[in-house]
Amino acid sequence: TGGGGRGKGKGGGRRKKGRAEELMVPDATFTSYYGRQVVKATPWEADIPFYLFAGGLAGGSSLLGAGADLSGRPHLRRNARITAVLALSASGLALVHDLGRPERFYNMLRVFKPTSPMSVGTWILTAYAPGAVVAGAAEVARLLDVERFLPGRLRFLTTLLDWAARPGGLAAAMIAPGVASYTAVLLTDTS
C-alpha cells in the first residue's frame with residue numbers, strides 16, 4: 001500500500017534491469033514557416049540593455065533616497081541620490097549613443113504621442129531629471145563642502161540648493177516608478 005521506499009510499488013522511478021526503454025515518439029526537429037526565424041534577432045547592441053538597467057537603477061535609487069530622507073537616514077539618502085544621478089546620466093548617454101545623434105532625443109520632445117512608449121518614456125525622463133539632478137547636486141555639494149570654495153556673494157547658492165534638495169528628491173521619487181517601469185512597456189511594444 002504505502003510504497004514509501006524508492007523503487008518499490010507502482011511508478012517507483014527505476015527501470016527494471018535488463019530492459020531497455022523504447023521511445024514511442026521520435027525526437028522532434030523544429031522547422032518554421034518557410035524556414036524563417038520564429039523570433040527576430042534583436043537589432044540592439046549593448047547600449048540598450050545598459051540603458052534599461054541604468055534607468056531602473058535610477059528610478060529605484062530615487063525611491064530609496066526619498067524614503068531615506070523622510071525617515072532620517074542621511075547616509076543612505078546621500079548614496080541613493082548620487083546613484084540616481086549617475087545612473088540617469090549613464091542611461092541618457094546610452095540612449096543618445098543608440099539613437100546616433102543627440103538631436104534625435106530632442107526631436108522626440110517636439111510631440112507627445114501617448115501611443116508611443118518611446119515618446120512617453122522621453123517625457124517621463126525629461127520630467128524626472130530636474131528633481132533627481134537637484135537632489136543629487138545638493139548631496140555632492142555637501143559631500144565636497146563646496147561652500148568654502150565659493151566667494152561670499154555666491155554662498156547663497158548652496159543654501160538655495162540645500163533648500164531645493166528635499167522637494168526635488170520627492171518630485172523625482174513621485175516620477176521614479178514610471179522611470180523604472182516604462183521600459184517594460186517599451187520592450188513589449190518592440191518585441
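Tutor: The model is predicted. Start with one serine: Ser61 touches Ala80, Thr83 and Ala84, leaving out residues up to four places away in sequence.

Student: Is Ser61 buried or exposed?

Tutor: Ser61 lies in helix H1. Buried means under 20% relative accessible area. Ser61 has 8% relative accessibility, so Ser61 counts as buried.

Student: Which helices do Arg81 and Asp69 lie in?

Tutor: Arg81 forms a salt bridge with Asp69, with the closest N and O atoms 3.1 Å apart. The pair ties together parts that are 12 residues apart in sequence, because Arg81 lies in helix H2 and Asp69 in helix H1.

Student: What is the distance between the closest N and O atoms of Asp69 and Arg77?

Tutor: Asp69 counts as buried at 11% relative accessibility. Arg77 counts as buried at 16%. Both belong to a network of salt bridges that also links Arg81, Glu139, Arg142, Asp162 and Arg166. In the salt bridge of Asp69 with Arg77, the closest N and O atoms are 3.7 Å apart.

Student: Which helix gives the largest share of the lining of the largest cavity?

Tutor: The largest cavity has a volume of about 50 Å³. Among its lining residues are Ser62, Gly65, Arg81 and Ala84. Helices H1, H2, H4 and H5 each supply at least two lining residues. The largest share, 3 residues, comes from H1.

Methods: Residues are numbered from 1 along each chain as its sequence is written. This is a predicted model: local features need pLDDT of at least 70, side-chain atom pairs count only at pLDDT 80 or more; totals for chains, interfaces and linings use all residues. Side-chain values use heavy atoms; hydrogens and water are left out. On a 1 Å grid over the protein atoms alone, a cavity is a set of points where a 1.4 Å probe fits but cannot get out, and a pocket is an open set with protein on both sides within 12 Å along at least five of seven lines; lining residues have an atom within 4 Å of a point. Grid points are joined across faces, edges and corners, and a volume is the space filled by probe spheres set on the points. Helices (H or I, at least four residues) and strands (E, at least two) are DSSP runs, numbered from the N terminus. Buried means under 20% relative accessible area, exposed over 50%, partly exposed in between (1.4 Å probe, protein chains only). Contact means heavy atoms within 4.5 Å. A salt bridge is a side-chain nitrogen of Lys or Arg within 4 Å of a carboxyl oxygen of Asp or Glu.
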